[in-house]
Amino acid sequence: MSDRWDPAGFKDRVDTLLAGFLAAEAERFLAIDGALAPVAGQLRAAAGHGKRLRAAFCYWGWRAAGQPDSDALLRAAASLELVHAAAVVHDDLIDDSPLRHNLPTAHVALHNAVRDRPRPRAAARALAMLVGDHLMALAGQLFATSGLPAAYLTRARPVWADLARELIAGECLEILATGARPDPEVSLKVVRYKTAKYTVEQPLLIGGLLAGAAPGLRAALSAYGLPLGEAFQLRDDLLGLFGEPARTGKASLDDIRGQRPTALLAAAWRAALPAQRERLAGVLGRRDLTEEDLRDVRELMLTLKAPQRVEDMITARVRDAVGHLDRLHLPHPARRALTDLARSATDRHH
């Protein structure tokens, strides 16, 4: 790969690597028993979508420390996409989401394999849970067998442990806060631990640690990565309600039906007058919401200026993140790539 940042070329490299890795694992499953074909199929398809942001941030954490392009590093970086694939399977289970990328989620797709069994819904969900668990194990396997020296991998292991712990903690915080009174502080803590850290900051740190980055550079990568990761998830919050389902691949009312602790809902709740809160409370958690309800909720959110408040939060965090790059002596390709990634991760429609 040249020093010129080519997002599409990088994505193709990661896609090809993951497709081969997961296809080989699916074949190992089938070698155990042909009845495992539906599970093998979900493993093969698990990482078929994605922007490859986590791999990209890991890659540029490595390059920011002055290291050259490396196929071994690419394998280590791609392992973070399997962490994301595992998190997606589990998140869809927890939220009982039917669609992801306009396709049936794992637990929905697996229902056909057990439709004639006792308690087919529970069986399908159990199979999906195990697919997610195995994807997390495969992430560790791909990282450990990347081809990088053992001493390099050892440097990054503490952040791997932090990543796993904090990702699970964020998911647990969201579950505990779901259905509760919307709270801006709680919603931002969920944003930080469920998504922001493992999407940007920790991949950057893993890449930097693999490369032997000095403490000062690692601190700067964190200062860039954390606000940018928060901005990424805040954009997701907005797209969840105001995005086009054909582009986001998810239903627009999912967060409202689930009464999830999003920053958008918290901003609306804080700004609402008592009568407006009553209107919001009347739709939160309802499973029978219609397109008319969607229009009403969007209208109320706009009246309360909640989307603009979240946009302002995104803008401030991106500005903060990029500002930290300006104070660093980075190799030019890394500075340019990280600046471009800050924009592409947050200025998007899906």
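## Cavity, pocket and salt bridges

The lining of the largest cavity is made up of 5 nonpolar, 3 polar and 2 charged residues. Nonpolar here covers Ala, Val, Leu, Ile, Met, Phe, Trp, Tyr, Cys and Pro; charged covers Asp, Glu, Lys and Arg; polar is the rest, with Gly. The model is predicted, so local features need pLDDT of at least 70 and side-chain atom pairs need 80 or more, while totals for chains, interfaces and linings use all residues. Residues are numbered from 1 along each chain, and side-chain values rest on heavy atoms without hydrogens or water.

The structure has 1 cavity of 30 Å³ or more. A cavity is a set of points on a 1 Å grid where a 1.4 Å probe fits but cannot get out, and lining residues have an atom within 4 Å of a point. The space in the largest cavity is about 70 Å³. Its lining consists of Asp237, Gly240, Leu241, Ser252, Asp255, Ile256, Thr262, Leu264, Leu265 and Met301. Two or more of these residues come from each of α9 (215–242), α11 (254–258) and α12 (263–271). Helix α9 gives the largest share, 3 residues. Helices are DSSP runs (H or I) of at least four residues, strands (E) of at least two.

Helix α12 is largely enclosed by the rest of the structure, because 7 of its 9 residues are buried. Buried means under 20% relative accessible area, exposed over 50%, and partly exposed in between (1.4 Å probe). The buried residues of α12 are Ala263, Leu264, Leu265, Ala266, Ala267, Ala268 and Trp269. Two of them, Leu264 and Leu265, also line the largest cavity. The buried part of α12 packs (heavy atoms within 4.5 Å) against α8 (184–210), α9, α13 (274–283), α14 (291–303) and α15 (306–326).

**Second largest pocket**

A pocket is an open set of grid points with protein on both sides within 12 Å along at least five of seven lines. About 240 Å³ of space is found in the second largest pocket. It has 15 lining residues, and Pro7, Lys51, Leu53, Leu341 and Ser344 are nearest the centre. Helices α1 (7–32), α3 (53–64) and α16 (332–346) supply at least two lining residues each, with the largest share, 4 residues, coming from α1. By type, this lining holds 7 nonpolar, 2 polar and 6 charged residues.

**Salt bridges**

The count is 25 salt bridges, each a side-chain nitrogen of Lys or Arg within 4 Å of a carboxyl oxygen of Asp or Glu. Glu27 pairs with Arg44 at 3.5 Å between the closest N and O atoms. This pair joins helix α1, which holds Glu27, to helix α2 (residues 37–45), which holds Arg44, 17 residues apart. Asp96 and Arg125 form another salt bridge, at 3.3 Å. Asp96 sits in the loop between α4 (71–95) and β1 (99–100), and Arg125 in helix α6 (residues 120–144), 29 residues apart.

The residues of these two pairs have the following accessibility.

| Residue | Relative accessible area | Class |
|---|---|---|
| Glu27 | 46% | partly exposed |
| Arg44 | 38% | partly exposed |
| Asp96 | 32% | partly exposed |
| Arg125 | 23% | partly exposed |

A further salt bridge joins Glu171 and Lys194 at 4.0 Å. Glu171 is in helix α7 (residues 150–177) and Lys194 in helix α8, so the bridge ties together parts 23 residues apart in sequence. Both Glu171 and Lys194 are buried. They belong to a salt-bridge network that also includes Asp91, Asp92, Arg100 and Glu174.

Notes. Points joined across faces, edges and corners; volume = space filled by probe spheres on them.
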